[in-house]
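Here is my note on the model you asked about. Please keep the structure open as you read.

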Amino acid sequence: MHFLLDPQTREYGEEVRTHLEEVITPEFEARVYRSGVAHDEDFSRGLVDRGYFAPEWPAEFGGQNRSIWDGQVLGELMMRYDAPVYLSATTRMVASVIRAVGSEQMQEAVLSGAMKGDITIALGFTEPECGSDVAAAATRAVRDGDNWVINGSKMFTTNGHVADYVFLLARTSPDKPKHQGLTMFLVPCASEGFAAQAVVTLSGERTNITFFSDVRIGDEWRIGDVDGGWRVLSQCLADEHASGWGPHLARLLHHAERWASSTDSPDGAIRLADRDVRRRLSRIAMEVEVSTLLERRCVWMADTGRSPVAEGPMSKLFSTEALERASQDVVEMVGPDGLRSYLEPTAPEDGRFEQIMRFSLGTTIYAGTSEVQRSIIAQRGLGLPR
């Protein structure tokens, strides 16, 4: 594995950084945060216009034929600047699946629109009673001639109230073992019988519980084989499990260093002169480096034709737990002022310490809990029994 980015990728990263600094103003940040929605239409259109939506995709699908490393640096910067790109990311993720296993008809219907920002896709995996056991999905899809009738509900369908489609996991054969009786569908959110109800998370973000009441769709919206949904879904889960959250940790470190460099202790000395402050900041800096390398190892493996089966969960597990540790450590270091609300003008760093701490608590659940990641590492990486 090489540890340094090549000059072209670094140059590309600086280009992306310049764009983000221009468009992500304090006013923009405040508006997105108060909306609770991890998506902004104008921002997403701007990414498409500049070629920042899926740069590593082939040109015939709307990409720029850039390297996988350019795509990685782009993703890191979007996360580092806390850009509202979650719906864009899930759209791109599902588009990759459709490109790989979708019918020609579905590819024609979806891929071009997704790459232009005209189509958005939310994820519909988790259910209220299943938690992290995605394969225990009880939402039913029953065949009716050339159609399917869907009934059930999904939890944490983030952006389901603004997306055009939901990438839905449904049970089609309840008599088969749970992993073998599932099928994937792309359900238009404009379908009669679909509804989204807001659920606000601890971080202030809106997610949804979505309901499917006799939703009727044609068989052309099925992705992959009937009862072959787990194989289709596994491609998405592998991408999610390989997610790294180090850029959020880097953002926290940036604000903590700025606070320590501009704030005085009661004795008049600058906070950064305190050995304990330097120790805490150094520990975060080390964990930023480890998080970055763990995630980039996954990219390197994919670039060399290898699948990061256990390495992806290692990246996700370490970086999210490091973010949770560090955010609480920083609030302890800053003291009571660190708990003052985000966007409160007199709070240290505009209250970002408080906001990042709330946000960090959910990251160990998103894309599979820490317990799920540890199980994958143990079973698939170390060969231990279930």
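The points below take the strands, then the cysteines, then the helices.

1. Ground rules. This is a predicted model: local features need pLDDT of at least 70, side-chain atom pairs count only at pLDDT 80 or more, and totals for chains, interfaces and linings use all residues. Residues are numbered from 1 along each chain as its sequence is written, and side-chain values use heavy atoms, with hydrogens and water left out.

2. Strand S5. This strand covers residues 182-188. Helices (H or I, at least four residues) and strands (E, at least two) are DSSP runs, numbered from the N terminus. Seven of the seven residues in S5 are buried. Buried means under 20% relative accessible area, exposed over 50%, and partly exposed in between (1.4 Å probe, protein chains only). Look at both faces of S5. Leu182, Met184, Leu186 and Pro188 are buried on one side. Thr183, Phe185 and Val187 are buried on the other.

3. Partners of S5. Two strands pair if DSSP finds at least two bridges between them. Strand S4 (residues 165-171) is joined to S5 by seven bridges, and the two run antiparallel. Val166 has Val187 in S5 as its bridge partner. Strand S8 (residues 222-223) also runs antiparallel to S5, with two bridges between them. Here Phe185 is partnered by Arg222 in S8.

4. Cysteines. How many disulfides does a search of the whole structure find? The search finds zero. A disulfide is a pair of cysteine sulfur atoms within 2.5 Å. Cys189 is buried, at 14% relative accessible area. Cys298 is buried too, at 5% relative accessibility.

5. Helices H1 and H3. H1 spans residues 7-23 and H3 spans residues 41-50. Their axes come within 12 Å and cross at roughly 150°. Axes are lines fitted to C-alpha atoms, for helices over the stretch in contact, and angles run from 0 to 180 degrees between N-to-C directions. H1 and H3 are therefore roughly antiparallel to each other; that term applies to angles over 145 degrees. On the H1 side, His19, Leu20, Glu22 and Val23 meet Phe43, Leu47 and Arg50 in H3. Contact means heavy atoms within 4.5 Å.

6. Helix H2. This helix runs over residues 26-35, and its buried residues are Phe28, Ala30 and Val32. What covers the buried residues of H2 includes H1 and H3. Just after H2, Gly36 takes a positive phi of about 75°.

Notes
Parallel < 35°, antiparallel > 145°, perpendicular 65-115°, else oblique.
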